[in-house]
Amino acid sequence: MIAVMQTNMGEIEDSTVRPKVTDAKGILKQNRQFLDYFWDIAKPEREIRLKAIEDLIEHLKQSEKPDELKYSLKRLVDGLSHTRDDARSGYSVALAQLLSVFEEISLKSTLDSVKEKHNLQRAKKKFIRNAAFGNFFGVLALSQSTRLHKEPQVMLECVKLLQSLSQYREHLRDLPRKTMVDILSETPKEVFEEVLLSALQSDLTSALNTPEQLELLLVAMQKFPSVLKPKKLKKLLGAAAVITKENMPKLVEVLKMAARSVKKDNILPPVALDLLQASLREDNFEMFWNEAIIKGMLSEMPGPTHYLGFRLLGASLPLLSVPQLEFVLSGDVMRYYGQHMLSAQLAYRFKFAPEMEKYVSEFMQGCADADKQLAVVLGFTQLTNQGYPVVPSSWKVLEHMDLCALQQYVKWLMEAFCKPQLEKCLDFSTRRQKGNQESEVESDSCVARFRKWIVPRLSFIVENHQIKKEEGLVMKMARFIFFHAFFDVKKPTPEIPETVQALSVPIDQQTRATISSAFYGLLQGLNSMAVLGDSPEAEKLNSRRILGVKADGSMWIYCVVQYATTLLNQSKHVQCVQTLSPEQRQGWDSMLESVEALRKKAKKSSSPEHTAFQYLFLLVGIQMFKAPDESLELLNDLRTCVEKAQAKKSKKKKEPHWVEVVVEILLSLLSQPSRLIRSVCKAVFSRICPHLTQEALSSILNVRDYGSDSSSDDEEDEDEDMGEGKEVDQNFRLDLMKVLQGQNALATEEDGSDEEELDDAAMMKLDGSLASLFLEHKKKIQAKKDEKDRLRKEKVLVRDFKIKVLDMVEMFLNKQGSSALVLGMVEPLLSVIENGMSSETSQQEQDFLRKAADIFRNRLCRAKYYCRETDGREAELHEMLERLIGRAQKLTDSSVSPYYFSAALYVLKVLRGVVSEQDSLRLMGKMDVERVTTCFKNALTSFLTKRKSPLTGAMFIDLFSRFPVLCVNLLDTAVENITAGVREHQQGQACLMVLRALQSKDVKNLMSDAQGTELHQKVVDQLAKSFEDVQCKNKMVREKIVKALELCQHLVRSVHTQEMPVNLELLQKVLESMNAEGSLQKPGQLEDMYWSVMKLFCILKPKMEKVKKVVEAEQTEETTKKNKKKKGFLPETKKRKNRKKPTVLEGKETPASTEGASGGEKKNKKKDKKRKQQGGEGEQTQNQPATKKAKTQPQQNKKKKKKGGQQEADGK
């Protein structure tokens, strides 16, 4: 086949050559460019279409050729009926632009050409759709040309054409009516009254029949109110207004039709919003809402009509006054919306809540009236299901709320919490709730549900930074939540505003717990809040990114603690829910004294030390209302730690840094198993991270050795216990023998008889001794069990403590990843991972190891920000690099070595630092390239020459890709080991490394042409050696050859494309010798790669002769048949041909038997199988009269036609 193609190509080349076409004037090129505009206009990409339209208009402006303009007009009109939607819209926009720019083109002639080209009367049935679209897009282009209102007669013809297109609704839907509405919106009053009104008379008269006609009327009424006066409307509709009781049934049907027409689009039909606006103009809004929406649309089953009501509710918000908003938001539409919200919680249900939230958000953004905003928010808040509001407590709509409206809303929420007026809420119950509840829901439970929603809503207002609020409002909400979480009112007092508003229903215990947890979440939000307000002090603090403080610099948590102190001192008026003991109250007062002392020190000299200690004391102190005993103990420990720290400062000449003291305190607190302490320590440590020192960080990292000796000793003790179990039993046996011998209860050889028995006193004494012995033995066993449990629990606590410390490490890396202290964390984290890999495999140990590995890999090695302060530490970093690489080579566990190698690459990145874009490949920062190259060269040599190495080829490939300079220096070592590798695996990895290096553009840029040529020649020579006398004896050898062939393919291709002076003859000969016996002609990965390489040497894989295979197959089939025949034969009486012949007796013929014989030849394989099964019967009937055989024949046919016929026959 290839030869035939080559001969054909030769004939073509030898044939006469056509004369070269000259285009001196550039006409062909110019026309080609002009025609390309129309091709681009029809393309699916919108940007290409718009660019082509712009270029076409510009070309026609500059050329000023009438023939091109005429051709463009004709081409665009023809394209209006294109089969593709994008092409039709492109041609329509282009035609509109053409008519807008070139006003000399007549709109009348253009419309006539559109009608003539896309004549619906002459079009064939299969082209009706395209012709309808052609007419429509032609009118659309005329309307978009901004010239249609200047020619009323053309406008009239366009309207009539659109009216005629309304009969093709299955193709155009409501597009003609929408275009008519657009034309009306741009039509002057005089033109409408004189020209269009008569043409639209029929549409306006039948406006209550379809949504399109009604929308046309409503737009005309809105655009031309002076023309369509009540008298005119009475002539058209029979009524002076649209919204009347007589018209309401027709309007409802029109709205239902509109709702179903947009079922798949999920949009609000324009006719519905126009009707709403008409009802507002005619002052019939309430009647329209009640009759058309509530009684009309909501009377249907849930579906499109309900969603139209919901969408109309959202779209009407900006159009209504405050009384109208209250009327709408307290009606049945909202109740149906609430029921939808509950029923739509299932995954497969349609959810309207996002659309409603969008409607309300747009209203809040565009509305400047605080009363309207408050009315809308209260309307959605009062939509409740058995007391619980349907909208979520964290509602982003509040982000656009005005400050005045927000203050009124917060005031309403607080009053509703104290005195819930659920009768004013729009409450509902679903069908399932009505069916499940035997009696009415208790009001107290509804009040509790309402309060559980109000408190998270207040917390959301405080915590959301997008909501504009003042410090006074925030403090008011924080005081309110804190008071009702932990205090009750005894007697109202004006000094405490929260006591003035009495509770109509007491707060139950479950609600109190919810409020308490909400308060501590609110406290976390206050501690991370930016400074509020626009004062200069606030801007100054925000520029320094100070969080959790007010504009005057005082912390929010301090203000809350001051308020708590005020409440504790007002014992006559308020009472704490959990009464504090005298010791706890004393601990609270001492905490306040410590905080005040620290505040005085901070005023004298502002230091982050004082702020950190304050924060620590306040956080622990405020927890006393939740866990007083634990907080008191924690405060005592904290005070002791601070006193010890102060004592160390006074004793030592060199005082420890305050951060070290705080870190020691945090570590001592973390050793206690408490979630409260863990959250407190996290919050404090996040604040002191920027001030951490090397000593403080070392104290954190030294925790990894905490408990390691004890755990190993515990394991040894357990092993000893397991081994000494038999010895323990032997000791107990000896003690038992002594007791028995002491009481003469054992028979010996010296005793002559076994018949002597002990008396009663001796037996009682023996029983007491045995009981005491067994009791002592039982106590020893229980003591050992208790000791094991204690050690196990201690081990769990130690591991939990280490996990908490890992959280601190992760937080430091996240916040201070570019600090120089990070370098001191590399080796400790590696030791944690290495020890974890070799330790036990409990679930807690695995979690700890997984967390440590994740922190090291993702937070340290792959972090976006890394250490860049290396001044004076170059020698230290190079020594660390050598230690890491050396340790990676000596590891016995290959799963740990990737972490050491990643750490080495991180150190390399730190040494290189940030380099400029110019010559960025060659600049290596402060890295000693020779020293680093030697280090990695030894590692690479170790990997390629040792049989067992923990290193992998992927590590060095990663090194090559990230540091091309080192790649160039290590390439020679990799090339040498293509043949010098200790095993086939190492040789294959060397090939893969060289391949990745040669594929790198950075490596090519770093090498000169001479160096590149020399390198390619070396690789060619090494590959030729590796392919000599190779035998694919196992899987490893085949994998190595595949990698070598991949390298060879890239190498040969590069030599050919770059025309390098590299000798490939030896390599080609060696490759040809590999297939000397034809062993590489079978399909497979190795064979395919081999022939893809040989193809580069212009040697193709020989084709297999399929014909010979067919012949061979046929021969094998014949031989198998012969062999089968030779194995045995049937006698003449049992051959198949004898059964087909009819049996003749005494000269009589049996036609039935002949029919059966002739029909048997035409039967399929299934019938043949059944005949074989009935072969025994045929042998028996062969010597019988033919009449019997003829009688049995139709019975067999009947059996074959029926399913299970054979089973029925057997049953009979």
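Buried spots and charged pairs

Thr-511 sits in helix H27 (residues 509-527). Helices here are DSSP runs of H or I, at least four residues long, numbered from the N terminus. The model is predicted: local features need pLDDT of at least 70, side-chain atom pairs count only at pLDDT 80 or more, and totals for chains, interfaces and linings use all residues. Residues are numbered from 1 along each chain as its sequence is written, and side-chain values use heavy atoms, leaving out hydrogens and water.

Q: Why is Thr-511 called buried?
A: Its relative accessible area is 1%. Buried means under 20%, exposed over 50%, and partly exposed in between (1.4 Å probe, protein chains only). So Thr-511 counts as buried.

Q: What makes Glu-291 and Lys-295 a salt bridge?
A: The rule asks for a side-chain nitrogen of Lys or Arg within 4 Å of a carboxyl oxygen of Asp or Glu. For Glu-291 and Lys-295, the N to O distance is 3.4 Å. The pair therefore meets the rule. Both residues lie in helix H17 (residues 285-297), four residues apart, about one turn of the helix.

Q: Why is Lys-295 called exposed?
A: Its relative accessible area is 55%. That is over 50%, so the label is exposed.

Q: How do you know that Lys-851 forms a salt bridge with Asp-807?
A: Their closest N and O atoms are 3.0 Å apart. That is within 4 Å, so the pair counts. Lys-851 is in helix H40 (residues 843-861) and Asp-807 in helix H38 (residues 760-815), so the pair ties together parts 44 residues apart in sequence.

Q: Why is Asp-807 called buried?
A: Asp-807 has 9% relative accessibility, so it counts as buried.

Key
Helices (H or I, at least four residues) and strands (E, at least two) are DSSP runs, numbered from the N terminus.
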